[in-house]
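Please look through the sequence and the structure below before reading on.

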Number of protein chains: 2
Amino acid sequence: MFEYKILAKSKISKARIGVFSTPHGCIETPVFMPVGTVGAVKTMLPAELHDLGAQIILANTYHLHLRPSELLIKKAGGLHRFINYNGPILTDSGGFQVFSLGERSLKEKSLKHLKPAEITEDGVVFYSHLDGSKHFISPEKSIEIQEALGADIIMAFDDCSPADLDKQSLEESVGRTHRWLERSIGAKTRNDQALFPICQGGTDLKLREKSANYIQKFDTPGYAIGGVAVGESKEKIYSVSKFCSDLLDKNKPRYLMGIGYPEDITNIVRHGIDMFDCVLPTRLARHGVVWVKTSRGGVDLGGVGYEYKQVDLTKSAQKEDFGAIDEKCDCYTCRNKFSVSYIRHLIQEKEPLGIHLTTIHNLRFTVKLVEDIREAIKQGVF
Amino acid sequence: MFEYKILAKSKISKARIGVFSTPHGCIETPVFMPVGTVGAVKTMLPAELHDLGAQIILANTYHLHLRPSELLIKKAGGLHRFINYNGPILTDSGGFQVFSLGERSLKEKSLKHLKPAEITEDGVVFYSHLDGSKHFISPEKSIEIQEALGADIIMAFDDCSPADLDKQSLEESVGRTHRWLERSIGAKTRNDQALFPICQGGTDLKLREKSANYIQKFDTPGYAIGGVAVGESKEKIYSVSKFCSDLLDKNKPRYLMGIGYPEDITNIVRHGIDMFDCVLPTRLARHGVVWVKTSRGGVDLGGVGYEYKQVDLTKSAQKEDFGAIDEKCDCYTCRNKFSVSYIRHLIQEKEPLGIHLTTIHNLRFTVKLVEDIREAIKQGVF
């Protein structure tokens, strides 16, 4: 059911294109997965996601567990039916949010009753970012939730450690991730979901090697690399990505979690990474910031043959720009000539249509980027 | 350019169907105009408005004047081009908001530097609801703004008095409205815009008669009835509507401003009113409240043969309703089976997609209602 077929390889890098089959359709890789945290990619209708070429979306187990709960979604007929999206879906394990959101809420909302997550061998006690209520999640619980949700690809519950962890704590954390992987696999009952284990180890390459070897003891349909982009430098991200990718079975899809700047995608595809997800295109769009192709002065995107720049549409310099965000862009927003000036006005007025138009653009930019990468790989020049 | 042709009349009431031609297309009446206050009908793409059968939309002169300003919109090529909507548009005169928003802001935002609007014969000094800044609007200024915006139908600048005004003040106010109408007409330079004068007079039928007679001295393409739904009872609204409609030229479209409950529309169409606008369908949608047809226990809609009820989707009773808002509704939301449970979840999570789905439904409900009314009139049974 979860076959991965490699269709072509670059002659000058480890980049490749492939097709991963899931119960809800095939995914051509390299692929970018828009993030729909609570079961909706911000402002987007499912049909609009299909229209812009999104092949698979990601939803967050942590958020859906807290609200509306996996039990409700199961009653509704599963996540695909609930959110009215008939393409492939991936759910994360909840681990990342359990650690990061609890901490962040502590700082941002100063909810006095909130405490940091407490990790034990059994699992994690955490406090909801919504109301501070106490919850417990374990590998078994994570799989139970993800099975109730019913995504096509589910993730093992891991201990996602921050970048600045000391060596001993990092070792303990990786050991825990491995034991939790075994328990995740043991808890799994559905065979129409592909479980991806997650390679951890921070920036410690020896630990990464140990982890890459360990997770491959289980013959799963794909592998993920986690614990990157958690505070370390770009160079470190790239070196970890390259190092791990080389260690992971080349006949299976490799998923680097949480990476989304265009230049990161083009660089990391060269390491043989096949799957990406990131909130950046949607988050930036929500603040009126868009990605635009440019012929010079931007960030180079290597093999695809163009550069891009990040433009903040809310700046007053954009006030009288009556052209599209990018005249040559084929997204719905640009194709239909919604002007920068109008979009800026809508965002200023907090009209939801404004961030809808920028979200469409940024998602199409990112999806088009991986399409262009695939095309360049086919031609062997990437 | 602004012809009104009556196509059919009911045999049992004064309801009629007609076609009003404008530079951006024809409008079949009775018509409901969705409100796009700042140049966007909340959450809606222009194509979605066309899809659900909206024939004309309304935009607010007051808001667009303050932000982004009529000068910017004129530079952009006019309002149609700026908001990317190629159908007919109506702009109000700004008068209503100048009075109501200033007052409301005083109460709601308690901006200390805000003062109520000051009316003189010349015009109105008002304080922006955004930042309290001082502005002046006169009949000439209103027309200047509306000409810069370039809507198909523009409104005369009137003194829109509250329901509880004493007789003497009301008389003065109506007199001012009439003098301002003359100045509005005098200021008008474009001949591709239809100016509608506004009949005022509160609930005083003698004043209404005087006003109806006065505004018809100017041979304008249509007439509006203002100053209703400003605090008086439904019975008063209906009696004023009926009274004024009878006095206005039956060969011109008659527009009752600011009315939008379904039962109000069906009742008032019977008085021979042809045009309606209201923020209700979009405002209720924004709070998760939808209109649904029902076979019993609802509000009767007379000649169209059904009842409706107002349902608050955010209530916990809707939590496990996995059906559409209305299985028989032909709106995009219901047709594509987005469930009440999912929409409720989205609204709870403040995901803009939630209110987008309810807005589509409520607007289609209202547009379909006037379509059903037109059909019933054609069959002579309304």
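What follows goes from the model as a whole to the meeting of its chains and then to pairs of helices.

This is a predicted model, in which local features need pLDDT of at least 70 and side-chain atom pairs count only at pLDDT 80 or more, whereas totals for chains, interfaces and linings use all residues. Residues are numbered from 1 along each chain as its sequence is written, and chains are lettered from A and ligands numbered from 1 in the order in which they are written. Chain A has an average pLDDT of 94, with 97% of the residues at 70 or above, where pLDDT is the predictor's confidence in each residue, from 0 to 100. For the complex, the predictor gives an ipTM of 0.96 and a pTM of 0.96.

In general, two copies of a chain are related by a rotation about an axis and a shift along it.

Where the chains meet, 31 residues of chain A are in contact with 31 residues of chain B, contact meaning that the C-beta atoms, placed from the backbone, lie within 7 Å. Helix 13 of chain A provides the largest share of chain A's side, five residues (helices are DSSP runs of H or I with at least four residues, numbered from the N terminus). Because 100% of the interface residues of chain A are also interface residues in chain B, the copies meet through the same surface.

Within chain A, helix 13 and helix 14 pack at an angle of about 130°, with their axes 6 Å apart; axes are lines fitted to C-alpha atoms over the stretch in contact, and angles run from 0 to 180 degrees between N-to-C directions. Helix 13 of chain A and helix 14 of chain A are therefore oblique to each other, since angles under 35 degrees count as roughly parallel, over 145 as roughly antiparallel, 65 to 115 as roughly perpendicular and the rest as oblique. Their contact involves A:Ile343, A:Leu346 and A:Ile347 of helix 13, together with residues of helix 14 including A:Leu353 and A:Thr358.

Terms used. Two residues are in contact if their C-beta atoms, placed from the backbone, lie within 7 Å. Helices (H or I, at least four residues) and strands (E, at least two) are DSSP runs, numbered from the N terminus.
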